[in-house]
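Here are my notes on the model you sent over.

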Amino acid sequence: MGIVGVFLLWYFLVGRNNRKVYKKMESNFPAIIVFLILAGVFGSVVPAALSILLIIVVLIGIPVLVLSLLCKALFGSKSLEEPSAASKVTRVERTENTKKYDTSGLSKAVPKRKKCVKKFNEKYKLNLSDTEIERIIDASYVSEFWASEVAAMNRDYQSVAEWYKGGNDWFRVYIRSFPIQSISSDEMMQLKHCLDSYNEVFDLVESNDYADIDECIEDVNNKFFTNFDEIGFMIAYRFLSKHGRNVKLPGAKLIRNETTLEELQRKYDELEKSQKEKLKI
């Protein structure tokens with residue numbers, strides 16, 4: 001049973017924090033435990049010398065493992081030598097480039113990250129598929145962008161609008177509002193997916209004349225089966241504006257008390273003005 005104990009200690013301290021190891025063991029974990037138990041039972045009938053040797057290895061191995069993990073936690077991958085000036089500059093530049101991402105509270109364990117994303121996906125109805133969730137988890141180990149998104153899903157919010165608030169609000173609105181998403185492990189490719197989807201939606205906005213924003217959002221949701229609310233819609237609008245597309249949104253229209261003749265004259269003037277603007281273009 002000592003072998004099983006050592007294996008479990010290694011798995012919960014080290015193994016499940018490695019994405020590749022976790023994926024290999026996820027489905028075979030029960031079989032591995034059974035195999036180790038049988039190996040332990042078989043080991044009880046071998047010569048006593050081997051049993052003593054196994055005990056010695058276990059007694060030595062556990063302290064060494066704990067000590068190595070403690071050193072890693074305290075010192076990380078730092079060298080014992082004083083870093084050079086060039087390495088200090090590189091470290092500062094890296095900090096400047098990544099400080100916009102908040103990964104605080106993010107567990108290293110694969111199953112915890114997976115559970116976090118699945119729970120958040122169900123709570124806020126993000127429509128992420130199992131494949132997309134797996135891709136997000138994989139990417140969170142190599143990308144600060146994705147690590148920050150998983151960390152954000154591990155926090156409590158009063159409303160979905162509070163979750164929107166942040167440097168990646170354009171992405172959060174995207175996975176909350178669209179029934180089908182394109183998820184990429186590359187941040188810039190993910191940004192392009194969002195831009196393409198938002199541009200397609202706002203093509204409809206520009207091609208129709210709406211009485212107000214609420215009517216516009218309702219039509220967009222009906223046409224694209226999206227789930228935009230007013231806050232998310234305006235975040236998407238500002239995101240497009242930031243990337244060079246200025247969309248004219250519908251404003252409030254005042255009620256007029258006018259005769260039939262006045263109404264016809266106004267419509268004629270608006271039509272004439274529209275045609276003149278087209279000729280200028």
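Are Phe 178 and Phe 228 buried or exposed? Both Phe 178 and Phe 228 are buried; buried means under 20% relative accessible area, exposed over 50%, and partly exposed in between, with a 1.4 Å probe and protein chains only.

Before the points, some ground rules. This is a predicted model, where local features need pLDDT of at least 70, side-chain atom pairs count only at pLDDT 80 or more, and totals for chains, interfaces and linings use all residues. Residues are numbered from 1 along each chain as its sequence is written, and side-chain values use heavy atoms, with hydrogens and water left out.

1. Start with the rings. The structure holds 18 aromatic pairs (rings of Phe, Tyr and Trp, the last by its six-membered ring, with centres within 6.5 Å; planes under 30 degrees apart are stacked, over 60 edge-to-face, the rest tilted). One of them is Phe 178 with Phe 228, edge-to-face at 5.6 Å centre to centre and 80° between the planes. Phe 178 sits in the loop between α10 and α11 and Phe 228 in the loop between α12 and α13, so this pair ties together parts 50 residues apart in sequence. (Helices here are DSSP runs of H or I, at least four residues, numbered from the N terminus.)

2. Phe 228 has another partner. Its ring centre is 5.8 Å from that of Phe 233 with the planes at 90°, so that pair is edge-to-face too. Phe 233 has a relative accessible area of 0%, while Phe 228 has 5%. One aromatic cluster includes Phe 178, Phe 228 and Phe 233, along with others such as Trp 146 and Tyr 198.

3. Now look at Arg 245. It forms a salt bridge (a side-chain nitrogen of Lys or Arg within 4 Å of a carboxyl oxygen of Asp or Glu) with Asp 203, the closest N and O atoms being 2.8 Å apart. Arg 245 also bridges to Glu 206, at 2.9 Å. Arg 245 lies in the loop between α13 and α14 and Glu 206 in helix α11, so this second pair joins parts 39 residues apart in sequence. Together, Asp 203, Glu 206 and Arg 245 make a network of salt bridges. Arg 245 is buried at 16%, whereas Asp 203 is partly exposed at 42% and Glu 206 is partly exposed at 43%.

How values were computed: Helix = DSSP H or I, 4+ residues; strand = E, 2+ residues; numbered from the N terminus.
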